[in-house]
Structures are given as structure tokens and as C-alpha cells.
Amino acid sequence: MTNPNNISLNISHALEFIDGHALNIPTLKILSEDGDILDGATAPELDKDTALRIYSTMRFIRLLDERMQAAQRQGRISFYMQCLGEEAAITASAAALKQEDMIMAQYREQAALHYRGFSLEQFMNQLFSNEKDLGKGRQMPVHYGSNELHYLTISSPLGTQIPQATGYAYGQKLKHIDAQSGELSSEIDNVTICYFGEGAASEGDFHAGLNMAAVHKAPVLFFARNNGYAISTPADEQFKGDGIASRGVGYGIKTIRVDGADTLAVYAATQKAREIAVTTGEPVLIESIAYRLGAHSTSDDPSGYRTKDEEAEFKSNCPVARFKAWLLKQGWLNEEEDEAQKDKIREEILAALKVAEKVQKPALEELVSDVYDTPIPALQKQYEELKEHIKQHPDAYPITAGRIK
């Protein structure tokens, strides 16, 4: 029988509706809160070097977030967003990828970037928008990007990276398609992972991106960070379905939900998801369930929409402490050395901060230097008008005014 409607051909003679919560989606959990492998769970193969690299990344990001949140409160940078509570979700998923896989992040995924080798100095240069910033000071703080590390520059508009990830992943697949059969001729080399929060899943770009990936079979890993809040809007006011995972099933995408505070569960799920993507050329959706322990950003005050008791309940399930407990039980980590490393990292962060904040800001011409090969007339006209405006109001632009030629 032909099936032009592309539906399951399951005929019923009974009048019945499918309940909106008929699909019961489990959450993969491997590691207990005390750092033990749970009964019935299978730990992924994770060697000592990789495990310690994951932990050192989480530890570094926790300390970087702590210091830079304070720096914003001191007025030294204009804005900051922490990864607090989601370190395991971001770091373990990045660790399960290949170095050349593309990362398209939302804005809370600095751990993935550091895992790949983004240095402390590079973080600081971006946060202070100085002349050493890879983005030439054109972006807000935490809007990182690195061509070398295959990390697409973050953009502020919510969810735009989702359809972009689908298109990029489809391009990664095309070179492995046999021209005659239209089928995969070899295993795909690289995939794209796309991070976004559950709030971004309410954007139209989410639905367009997932449907396009499903229909065209793009090897993209959609990593939904369900941390409970879209800024101040709790999840139960955002949607009534079973989280974000149920939407993946609705689009015909292989889907899994994981405990986002469980490093081993996230690593295992992402590793398997990547295997599916490279062998089938199809998308996978991973929903990470964690809790945003900090504010949405330095512009947010969570006391206006959630209680201290709620926060305290989830702070006891710290992803960093949970993975640390497992490492200690493996004999791979020493408590005293760990504490010494924390003190050393804090000193290094503060020293790098003091250096970066003294580096000059980018020259004004960097605003238009490589938007086009050479600035188009309209852009050049705007640039000249900007220079004249700054010359007329030097007190309003004390840093830039003295450097205009």
C-alpha cells in the first residue's frame, strides 16, 4: 500500500485519543550522588587521562565562573554567565566528541571550549574585549568563538544555531554520499553538536532545525540543556509535554534523556549518539536534566522567582563533587593535590584578569576591517560619521577618543 501521508498504517475502529503523556521517557543515570556505579548500570569505558581531563576542566570552569561573576559585580567586565550546575553535562558531552567535530553553542558552554584547549588568557581577552580578543572586541562577554577549535562564535539571538547546525552537519555528510545511489559510501568523519536550553526549544528555529535534520538526515547531535528555567520562567510554564525529549520522538529522531549532573551518563549517551550519527548519517536528540545553580546571568536575580530552599535542595547534587567522588574511589585523584591545584588556579585566574584588563581595546577601524574584503561605501560612510561623533564628544568615549587618527 502506498503511504503518501507518511504515517503509521495502524487502523483502529475504536474512538480513542492518545494521552499527551502516553510516552514514558526514562532518564539514564549511572553514577550515584556518592560516586558509586548504580546497581544494574554499566559504566562507559573511560580511561584515566580522559577522566582527569574532564574533571580538571570542570574544576577550572567552576573557579573561572566564581572569579568572573565577582569581576562583573566589581564593574571590571560588563556581563557574565556561569555554567554552575551544568559542568558535567557540557564537559562530558564535549569529551565524547572528536576534536574536529563542530560545536555550536548557546552561551553557557565555556567548559566545552576549555576542554578543547581554549586558554585562560583567551578567555580573559574575550571577556575584556581587548585587542587580543579573537573576536576583535565586537561581541558581548562570554560570546566566545574559535575557528582553530571548531567552536562557532556565539550569537545573542536565541536558537539561531539550531538550524545552522543542521545545515552544517548536512554539509559534513554530503562528501560521503555516493553520487549514484544517494546512500552513504563511507562512515562520516565528523558531526556537529548543537547546545541549547529548554527555553530556546520554544523558538521557531528549534522546530525548523529538528524537522530539517530529520527529513534530510543530517548527522547533528541536538543537546538540550533542560536546567529548569528560561531566565525566570520555570519549565512548567514553558511547556506541558514531557520535557524536550518527547519532541525528538515527534520529529522521528532517535532520542535519549540523561541525568545532566552525572558525568558518566552524559559521556556514555553522547558517545553512543555520535556513533549513531556517523554510521547512519542521522540526527540524535539528547536531553540533559540538570539544575541551573546560579542566576541566568549577572543581569538576573533568581530570588524573585525561586526559593533558597529549592536552591539548597539541588546544591547537594553538585556534578563536580559527584564526579570527584568517583575519581577518588578509582584512586585517580588525590584530595590534597586537588585542593592545592584549586589554590593555584585561583591565583592564575586573578593574575590573568589583571593582565587582560590593562590590554588596550581594539582600534576603532577593527569595527569594519574584515566584515567585507574592503569596506563598502555605506559602511565606510558610517565609520567616518562615527569618528566625527567621537571627536565631538571625547568625554563620552575616553578610551577611544585619544586613539582616533
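This is a predicted model: local features need pLDDT of at least 70, side-chain atom pairs count only at pLDDT 80 or more; totals for chains, interfaces and linings use all residues.
Guide: Local features need pLDDT of at least 70 and side-chain atom pairs count only at pLDDT 80 or more, while totals for chains, interfaces and linings use all residues. Residues are numbered from 1 along each chain as its sequence is written, and side-chain values use heavy atoms, with hydrogens and water left out.

Visitor: How do you know where domain 1 and domain 2 lie?

Guide: The domain assignment gives residues 46-355 to domain 1 and residues 362-401 to domain 2, and such bounds come from an automatic or database assignment. Taken over C-alpha atoms, the centres of the two domains are 35 Å apart. A UniProt record, an unreviewed entry, places "domain: Dehydrogenase E1 component" at residues 56-363, and such annotations may be inferred rather than shown by experiment.

Visitor: What makes up the chain over residues 56-363?

Guide: Over that stretch the chain is 45% helix and 11% strand, and its end C-alpha atoms lie 36 Å apart; helices (H or I, at least four residues) and strands (E, at least two) are DSSP runs.

Visitor: Why is Arg59 called buried?

Guide: Buried means under 20% relative accessible area, found with a 1.4 Å probe on protein chains only, and Arg59 has 11%, so Arg59 is buried. Arg59 is found in helix H1, residues 48-73, and, leaving aside residues up to four places away in sequence, Arg59 touches Asp338, Gln341, Lys342 and Ile345.

Visitor: What is the volume of the largest pocket, and which residues are the closest to its centre?

Guide: The largest pocket has a volume of about 450 Å³, and of its 18 lining residues the closest to the centre are Lys361, Pro362, Ala363, Leu364 and Thr400. A pocket is an open set of points on a 1 Å grid where a 1.4 Å probe fits, with protein on both sides within 12 Å along at least five of seven lines, and lining residues have an atom within 4 Å of a point.

Visitor: Which domains and helices supply the lining of the largest pocket?

Guide: Domain 1 and domain 2 each give at least three residues to this lining, and helix H13 (377-392) and helix H14 (398-401) each supply at least two.

Visitor: How many residues line the second largest pocket?

Guide: The second largest pocket holds about 260 Å³ of space, and of the 16 residues that line this pocket, the closest to its centre are Ile289, Ala290, Tyr291, Phe314 and Asn317.

Key: Grid points are joined across faces, edges and corners, and a volume is the space filled by probe spheres set on the points. Buried means under 20% relative accessible area, exposed over 50%, partly exposed in between (1.4 Å probe, protein chains only). Contact means heavy atoms within 4.5 Å.
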